[in-house]
Amino acid sequence: MTATEPAALAGPGSRPGTSELPPAPARPGPRDAPPRTGPGAARWLALHQRSLLVLFGALVVTGAAMAWNLQGFPGRANDDEGTYVARAWAMIAQHHLANYTYFWDHPFLGWATIAAWALATDGFSRDLRAVMAGRELMWATTLVAAALVYALSRRLAMNRFFAVTAVLLFGLSPLAIWYHRMVSLDNLATMWALAAFALAASHRRSLASIVWSGACFAAATWSKETIAIIVPALLWQVGQHLGGDGAGRGYSVRRKYIRAFLVVYCGIVGLYPLMAVIKGELLPGAGHVSLLGEIYYQLAGRSSTGSLLDPRSGTYQQAAQWVATDPWLTLGALAALAAAFAVRRYRPVALALLVQVLYMVKGGYVPYAYVTALLPFAAVLIAGTLDWLWSRRAAWFRLPVLAAAVACAALMLPAWGRSLVAQSRANGFAAQDAAVAWIGRHLTQGQVVVCDDYVWPDLRLRTRTTPVYLWTIDYDPAVMRDYLPDGYRDIRYLVLDPSSPLTYTALPGRPTLAAALRHATVIATFGSIDVYQVTR
Amino acid sequence: MKRAYLRPVLGGLAAVMVIAGGLAVIPVTLFVVGLYNLAISSMEACWRSYAERHPDAYAELSWPERVAPGAERLSFTLIVCALDEAPVIASTLAKLLLQSHRFCQVIVSLRDFDAATIEAVRAFGDEHPGRIETVIGHYPEKGKHAQLNGALPYATGDYVCPIDAEGDVAPELLVHVESLIHQTGADIVQGAVQLMNLGSRPREWFQPHNVLEYYAWFSSRMLFQVDAGFVPLGGNTVFLRTELARAAGGWPNSVTEDCAMGVLLCAEFGAKAVAAFDPALATREEVPPTIFSKPRGSLYFQRVRWLEGIYAELVRGRWLQMPTARQRLLAGYILAAPLMQAVSCAMLPLALASSVALKVPEGLVLFLYTPLIPLALTMLSMLSGLRQFGRDYGQRVRLWHYASILFLTPVYQVILAAAALGAVYRHYWGNGEWYRTGRGMQHRPGGPPAGPAGGSRRLAGTGASR
């Protein structure tokens with residue numbers, strides 16, 4: 001047996017003759033540099049050129065409107081503003097989660113974001129008022145949220161004009177200006193929630209966008225836990241956008257994606273209770289705060305503000321106030337809500353709005369900034385409904401729509417403009433600034449000054465006194481132990497605004513504070529703010 | 001000899017210094033460890049869901065329609081490497097002859113001392129005159145690559161495909177491969193291999209894990225590697241352009257010649273690799289029956305050998321010749337993954353424990369827990385993969401199979417991690433012997449029988465040798 005040429009011995013199974021190989025590139029040898037498939041950024045820019053231009057215009061307008069007297073209006077309306085800024089300051093300066101005992105009232109991502117902003121921009125030493133550092137961040141947050149409103153509108157198949165309409169409604173409504181300017185966790189949570197919605201409606205329908213949507217919504221929940229009530233709407237958005245089954249797999253890709261969404265969302269949100277476990281503060285117990293205790297208080301213990309349907313309730317009063325501030329956006333959204341459920345692609349967003357309205361109807365505690373998370377969805381629904389009406393091509397249909405829209409705009413825009421101009425002249429902090437300056441001049445090192453949280457960070461940063469937040473008195477054992485071991489006698493001064501709910505809602509049930517006030521005399525007055533001195 | 005020790009010793013010193021420095025700055029170390037764990041677990045979750053990254057991605061993995069009967073234009077050479085396979089070789093060859101492709105050459109590559117198998121192949125050739133060809137050689141090196149390279153000069157097909165002696169190849173495979181080659185112009189086609197037995201006894205608890213590894217590998221990871229342009233090939237159901245295999249000088253001498261060949265062709269020859277997956281066309285194999293018992297077939301030692309081969313490719317550095325930085329990064333990840341996974345397997349529990357035991361900032365503690373989220377995604381993907389495996393392959397998946405995946409995955413990961421470390425150990429200090437999985441029952445004869453040294457004899461169409 002000898003070795004033979006292979007070709008000659010090819011068996012019947014092998015194919016003789018010519019090669020019909022598919023063309024092969026020249027080889028062997030090291031390959032040339034591969035062709036770079038279109039650079040992503042340049043392509044993206046080219047594709048979205050017009051959108052970017054109109055969006056830029058809309059953002060300039062909203063940004064300018066919002067920045068116009070950001071420092072002076074709204075004034076001292078809700079000292080949660082100061083609370084979050086003070087906690088952000090504590091994160092930087094004291095490396096604690098809050099300036100007082102952190103009692104699990106909200107997750108801390110919101111003021112961690114403020115802290116990061118203040119750290120990056122040197123906000124606390126640069127600004128006249130500490131709260132301004134927070135308000136600047138709110139300005140940036142709102143611009144990002146406005147861009148996301150545009151993206152979401154476009155992904156819900158609205159044309160550019162109506163997408164910009166949504167942005168302007170969201171950015172210019174007097175109601176929006178009021179709440180967007182104020183430092184609130186809700187602004188941050190709303191921005192994250194909008195990002196989650198925009199990702200869920202991504203054209204690519206990729207698993208990555210769903211996972212990132214879950215992560216963004218987790219960030220929203222980490223910023224303000226109440227946003228979690230719209231998670232069914234977001235899930236609907238994810239499911240609806242994915243549509244039917246993936247090709248060839250014989251089971252629902254949609255279900256897998258939603259499962260991945262839930263794992264990521266619950267996983268990130270779950271870090272919060274995990275942290276409570278690690279700190280040993282999950283379950284209520286003697287001598288410490290707890291997450292479950294706080295949740296129980298929020299859900300069951302805290303007094304309800306009543307149902308929207310009850311005209312005597314606090315919720316109703318609040319809603320009435322919103323409508324009075326801007327009837328166009330609020331009532332328009334209610335009208336659009338009904339219409340939007342008729343259009344398939346708007347339904348998830350409509351549900352996001354509806355769920356939040358229903359929560360107000362159900363009755364429970366409605367926080368001050370609750371309306372913040374309703375605003376973008378209201379804006380998108382109004383613009384979306386207009387887009388839908390406009391897209392009915394028939395002229396007989398279009399003309400009345402056009403006429404009505406122009407008429408509304410003609411009434412609405414001057415009203416908005418007037419309120420913007422009026423607001424630009426206000427300086428809601430004049431009295432506070434004067435009081436803080438006076439204290440800085442007259443009070444000495446380490447004197448305990450009881451104040452609200454608008455004043456707290458300024459006293460802490462700009463005077464040598466030791467401010468004590470009035471809500472912590474008789475409430476936080478650490479404060480009583482560290483600052484007021486002798487009760488009211490340790491209080492030297494009080495900076496209060498007796499005419500404002502910032503003060504009078506805190507008075508009941510605080511015997512130490514009441515005792516201090518009994519022994520106090522007013523030694524200086526700045527607007528409605530009084531400075532009291534306590535005589536021992 | 002001294003030089004061989006230098007690298008691990010230096011590496012050990014560096015590791016000790018890193019650890020010592022790390023203890024000095026615990027939070028920074030923990031942060032780095034957390035980041036590492038997060039990156040590793042996220043990459044794992046990414047490639048596992050790669051074939052489902054958008055609803056239509058899965059379709060990219062399907063085989064095209066077969067070429068019509070009689071319309072085949074390419075030819076294929078199947079190289080069957082056998083060593084001590086006398087009992088099974090006939091049935092394997094009989095299966096191969098069922099291939100529906102009309103231009104299919106079958107070469108059996110044998111070692112000259114393996115008299116029993118040579119006899120079995122000769123007997124089979126007598127029964128099927130002219131259907132198979134045989135190459136018998138005397139090769140000084142151990143390993144499959146020698147047998148493959150011995151047969152390569154005789155391959156007449158446009159594409160060659162190594163076949164394992166116990167492989168169960170689908171008869172319709174070649175006609176689909178040809179159609180895929182026409183569609184893509186690929187130099188390399190990697191089809192799927194699937195382990196089939198999920199196990200039925202408690203001591204076979206690891207089998208669903210191994211089955212799922214294959215399932216995830218061929219139904220998802222292969223696509224990830226193809227898109228990265230870097231495919232360490234599987235041991236069989238791989239088709240290589242013959243001309244390219246010859247240009248590369250045949251299969252490299254490696255304990256995992258298949259992986260090395262894939263790396264060589266991708267990195268140095270810019271070969272275009274494609275993959276396809278269809279349960280009906282997958283080559284079916286068995287899970288090793290035990291974890292540690294060498295003679296009966298061991299998962300652990302099989303894995304040590306594979307990972308040693310992959311590790312050898314990593315340190316040899318061929319992957320650094322990939323053209324773009326992104327591809328180099330992906331290629332490095334693909335080769336280093338088992339080792340990085342092993343490190344992460346130790347780091348994760350360590351990080352979680354130290355987050356409780358040491359006083360570290362709250363934010364850092366939470367961060368150390370974040371790798372659990374991608375791990376949960378991976379678990380989800382494994383559980384649904386098990387269900388899908390059952391449907392795709394008509395296997396009955398029982399509740400305890402799911403339970404094994406859900407609860408025993410950490411144990412399985414520890415075994416894999418140990419194998420990865422064992423592989424590194426063997427790479428530097430091992431004797432280079434390679435363990436053949438579950439085929440050690442028959443022992444080799446005392447010494448090689450007389451034969452022409454160094455040459456290779458060829459029985460061309462065993463029928464003719466009569």
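**Figure 1. Strand E1 of chain B is largely enclosed.** All 6 of the 6 residues of strand E1 (residues 76-81) of chain B are buried, so the rest of the structure largely encloses this strand. Buried means under 20% relative accessible area, exposed means over 50%, and partly exposed lies in between (1.4 Å probe, protein chains only). Helices (H or I, at least four residues) and strands (E, at least two) are DSSP runs, numbered from the N terminus. This is a predicted model: local features need pLDDT of at least 70, side-chain atom pairs count only at pLDDT 80 or more, totals for chains, interfaces and linings use all residues, and side-chain values use heavy atoms, leaving out hydrogens and water. Residues are numbered from 1 along each chain as its sequence is written, while chains are lettered from A and ligands numbered from 1 in the order in which they are written.

Which residues of E1(B) point one way, and which the other? Phe76(B), Leu78(B) and Val80(B) point one way. Thr77(B), Ile79(B) and Cys81(B) point the other way. In a regular strand the side chains alternate between the two faces of the sheet.

**Figure 2. E1(B) pairs with strand E2 of chain B.** Two strands pair if DSSP finds at least two bridges between them. Here, 6 bridges link E1(B) to strand E2 (residues 104-111) of chain B, in the parallel sense. Look for Cys81(B): Ser109(B) in E2(B) stands opposite.

**Figure 3. An open sheet of 5 strands lies in chain A.** The strand order is E2-E1-E3-E5-E4 (chain A), and the pairing is mixed. Strand E2 (466-469) and strand E4 (520-526) of chain A form the edges. Each has a single partner strand, so one side of each has no neighbour in the sheet. From one strand to the next, the twist averages 25 degrees. Strands E4(A) and E5(A) (residues 529-534) run antiparallel and are joined by 6 bridges. One bridge partner pair is Thr525(A) with Asp530(A) in E5(A).

Helix H23 (residues 511-518) of chain A packs on this sheet. H23(A) touches strand E1 (448-451), strand E3 (493-496), E4 and E5 of chain A. The direction of H23(A) makes about 100 degrees with that of E3(A). Contact means heavy atoms within 4.5 Å.

**Figure 4. Helices H9 and H10 of chain A pack together.** H9(A) covers residues 185-200 and H10(A) covers residues 207-223. They pack at an angle of about 170 degrees, with axes 8 Å apart. That makes H9(A) roughly antiparallel to H10(A). Angles under 35 degrees count as roughly parallel, over 145 as roughly antiparallel, 65 to 115 as roughly perpendicular and the rest as oblique. Axes are lines fitted to C-alpha atoms, for helices over the stretch in contact, and angles run from 0 to 180 degrees between N-to-C directions.

Among the residues that meet are Leu188(A), Trp192(A) and Leu199(A) in H9(A), and Trp212(A), Cys216(A) and Phe217(A) in H10(A). By class, this contact has 14 nonpolar, 3 polar and no charged residues. Ala, Val, Leu, Ile, Met, Phe, Trp, Tyr, Cys and Pro count as nonpolar, Asp, Glu, Lys and Arg as charged, and the others, Gly among them, as polar.

Figure 5. Asn99(A) lies between helix H3 (80-93) and helix H4 (109-121) of chain A. At 15% relative accessibility, Asn99(A) counts as buried. Beyond residues up to four places away in sequence, Asn99(A) touches Ala86(A), Arg87(A), Ala90(A), Gln94(A) and Trp456(A). Trp104(A) is also placed in the loop between H3 and H4 of chain A. Trp104(A) has 2% relative accessibility and so counts as buried. Its phi is positive, about 65 degrees, although Trp104(A) is not a glycine.

**Figure 6. A cis peptide bond joins Phe73(A) and Pro74(A).** Omega is about -5 degrees at this bond. Pro74(A) is in the loop between helix H2 (49-67) and H3 of chain A.

Figure 7. pLDDT is the predictor's confidence in each residue, from 0 to 100. The mean for chain A is 88, and 91% of its residues reach 70 or more. Among the elements of chain A, H9(A) has the highest mean pLDDT (97), and helix H13 (residues 291-301) of chain A the lowest (84). Over residues 1-37 of chain A, pLDDT stays under 50.
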